[in-house]
Amino acid sequence: MTVQNVKVTPKLYRPPHPVDWCPGCGDFGILSSLQRALAELGLLPHQVAVFGGIGCSGKAPYYVSSYGVHTLHGRVLPYAQGAKLANPELTVVAVGGDGDGLGIGAAHFVNAGRRNIDMTYILFNNEVYGLTKGQAAPTMPLGMQTKALPEPNMQNKINSLMLALTSGFTWIGRGYAYNVKQLVKLMQEAIQHPGLSYLEVLQPCPTYNNIHTKEWYNGEDLGHPRVYDVQEEGYDPVIPEGADEETINAKMLAFMQKANEWGDRIPTGILLQNRAIPTYEERISQKIPSYRSNPPAVRDVRDENGYSQVDLSPFYEELAINY
Ligand SMILES: Cc1ncc(C[n+]2csc(CCOP(=O)(O)OP(=O)(O)O)c2C)c(N)n1
Ligand code: SF4
């Protein structure tokens, strides 16, 4: 595809510097899927901003040649939501680890769901804190003992799909880091969904998670892959606009059954697509009709001489500390 005579290929999104994840890390599959998904949507790098949390996964903004920020631990969603609200034309993707998003960042995850801002959150789920050497993340199952742990995990895991549902995310999906073909499609669907999308990606960490490995997800002990595609089995995730209560309840129930399936069969694909909830941008536009045509990011803050038109003096006066 070409836009303004620039050929948009995944190469355009590749950085000039090397990627420093461990060999065999599932993050590579997620990164190349993201570069492909953005390119195949015909987006140019300046139309995209990628925000990362802290952790191995949080380095992703360095590896996608678009706008982006490597933010603070657990704070990726506040940054990303702020950018999207300031510039609603921007395609905003937030990424981060399971520790980042569901440990220190859990309150932001829940409250982002309530807003339903039109952006995408991709959570890299390796069940461990990779960057800090393999401690149990909030997604690690009770009783699991990976090689970095002196004792089996004493806490139960958070089911992030269920948390996303109850928080209000309007698009929920799950992918697998080594199924790039499906992952590209899921990322494109998530980005194109009008509202907040949550994509959990099962991400083997060969350095610290020696239990849920690539071989385990591939089901080498069972003789069939554990991960399967719900869409191939005819699962329909859509809650249509204006759906009645009975339809909504039936869809939520079907979702919960899929979200709780784990072990010998692990569902991937689009699990929920709720078109019945307005986006935050639509809610703002009802209060401020000019919001979309004149959002904060495009307003001219300078006068004809290039000086700021914004009067910050009341703010400074408020900040003044009197001893
Ligand atoms: C406020 C704060 N607390 C703790 C840390 C240390 N820290 C850095 S990365 C990380 C865990 C990252 O794990 P996860 O989000 O699962 O990402 P992964 O490395 O597995 O991709 C922690 C606790 C920090 N950087 N900031
Ligand atoms: S520690 Fe794990 S998650 Fe981090 S780069 Fe290495 S393999 Fe990947």
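Visitor: How do the residues of the shell around ligand 1 divide into nonpolar, polar and charged?
Guide: The shell takes in residues with a heavy atom within 4 Å of the molecule, and Ala, Val, Leu, Ile, Met, Phe, Trp, Tyr, Cys and Pro count as nonpolar, Asp, Glu, Lys and Arg as charged, and the others, Gly among them, as polar. On that basis the shell around ligand 1 divides into six nonpolar, eight polar and two charged residues.

Visitor: What kind of model is this, and how are its parts labelled?
Guide: Residues are numbered from 1 along each chain as its sequence is written, while chains are lettered from A and ligands numbered from 1 in the order in which they are written. Side-chain values use heavy atoms, leaving out hydrogens and water, and local features need pLDDT of at least 70, side-chain atom pairs count only at pLDDT 80 or more, and totals for chains, interfaces and linings use all residues, since this is a predicted model.

Visitor: Which residues come nearest to ligand 1?
Guide: There are 16 residues around ligand 1. Those that come nearest are Cys56, Ser57, Asp98, Asp100 and Gly130.

Visitor: How much of the accessible area of ligand 1 does the protein cover?
Guide: Among the polar contacts (pairs of N or O atoms within 3.5 Å), an oxygen atom of ligand 1 lies 2.8 Å from a backbone N or O atom of Gly130, and a backbone N or O atom of Gly99 is 3.0 Å from an oxygen atom of the ligand. For Val128, a polar backbone atom lies 3.1 Å from an oxygen atom of ligand 1. Of the 600 Å² of accessible area that ligand 1 has on its own (Shrake-Rupley method, 1.4 Å probe), the protein covers 72%.

Visitor: Where does ligand 1 sit, and which element gives the most to its shell?
Guide: Ligand 1 sits in the largest pocket, as more than half of its atoms lie within 2 Å of the grid points. The most, four residues, comes from H4.

Visitor: What is the volume of the largest pocket?
Guide: A pocket is an open set of points on a 1 Å grid where a 1.4 Å probe fits, with protein on both sides within 12 Å along at least five of seven lines, and lining residues have an atom within 4 Å of a point. The largest pocket has 27 lining residues, with Gly55, Cys56, Tyr129, Gly130 and Leu131 nearest its centre. Its space comes to about 400 Å³.

Visitor: Which pocket holds ligand 2?
Guide: Around ligand 2 stand residues including Trp21, Cys22, Cys25, Asn126 and Tyr208, and by class its shell has seven nonpolar, four polar and no charged residues. The space that ligand 2 takes is the largest pocket.

Visitor: Which element gives the largest share of the lining of the second largest pocket?
Guide: About 270 Å³ of space lies in this second largest pocket, where Asn179, Gln182, Asp229, Glu232 and Thr268 lie nearest the centre among 15 lining residues. Two or more residues come from each of helix H7 (180-192), strand E11 (227-229) and strand E13 (266-274). The largest share, five residues, comes from H7.

Conventions:
Grid points are joined across faces, edges and corners, and a volume is the space filled by probe spheres set on the points. A polar contact is a pair of N or O atoms within 3.5 Å; within protein, one must be able to donate a hydrogen and the other to accept it, and residues adjacent in sequence count only if both atoms are side-chain atoms.
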